[in-house]
Amino acid sequence: MKFILFSFIAFLFFGCNKHLPPSNSRVTTVHSAPSLTNMEGDILRFVNQYRNSQKLPPLNMDQTAAVEALQHSCNMAANKTPFGHAGFSSRVQNVERRIGRIRAAAENVAYGKMTAREVVDGWIRSKTHRANLEGPFNFIGIGVARNSSGIIYYTQLFIEK
C-alpha cells in the first residue's frame, strides 16, 4: 500500500479570503511567459538552497509533476477550482501513471503578488509547508500561473520515488 503525505493547508497568509480574485477572472499569463518560467526555476533554486542549509539532498524537477502543478495553478487562477488542494489525489495518480510507483507525495500552494524568494520564504515560515520542503522527496513539479488581476498562483508537487 502506498503512503501519501497530505498537506491540507488552505491558506498561506493571513486574510487571504479577501484577496481572492473575482469569479470572472481569467488567466492571461501562464507557463509560457518567460517571467513565470524563470520564476519556477527560481523557486526550485530557493527550495534547494533551503534544503542544502538543512543538510538535505536537492530536489530534481520532474516534468510530469510540473505539468500537473501548472494545471492546478492555472485552474486556481481561472477559478475552475478553489484555492487549495482540491484534486491532489488525482494529480498524484496522474503522475504515478506516467512515472511509476510513488512512495510519498505532498503539495504546497500559495497565491499573491510575490517573488519566488517571497513565496519560498512564506513556505519556510509555515510549519506544515516547511515539513513538505524538508520531506523525504527527491522530485518536484512547480507550476505558476497569473490571472488577469495580476495575482500569481503557485503549486509545488513533491514526489518520492
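**Exercise 1.** Are Phe 137 and Phe 158 buried or exposed, and how are the planes of the two rings arranged?

*Solution.* The structure is a predicted model, in which local features need pLDDT of at least 70 and side-chain atom pairs count only at pLDDT 80 or more, while totals for chains, interfaces and linings use all residues. Residues are numbered from 1 along each chain as its sequence is written, and side-chain values use heavy atoms, with hydrogens and water left out.

Step 1: Phe 137 and Phe 158 are buried, a term that means under 20% relative accessible area, with exposed over 50% and partly exposed in between (1.4 Å probe, protein chains only).

Step 2: rings of Phe, Tyr and Trp (its six-membered ring) pair if their centres lie within 6.5 Å, and planes under 30 degrees apart count as stacked, over 60 as edge-to-face and the rest as tilted. By this rule there are 3 aromatic pairs.

Step 3: Phe 83 and Tyr 111 make an edge-to-face pair, at 4.6 Å centre to centre with 70 degrees between the planes. The ring centres of Phe 137 and Phe 158 are 5.5 Å apart and their planes stand at 35 degrees, so this pair is tilted.

**Exercise 2.** Find the cluster that contains Phe 83, and the charges over the face of Phe 46.

*Solution.* Step 1: ring pairs join Phe 83, Tyr 111 and Tyr 153 into a cluster.

Step 2: a charge sits over a ring if NZ of Lys or CZ of Arg is within 6 Å of the ring centre and within 35 degrees of the ring normal. Arg 45 lies over the face of Phe 46 at 4.5 Å from the ring centre, and Arg 117 lies over the face of Phe 46 at 4.2 Å from the ring centre.
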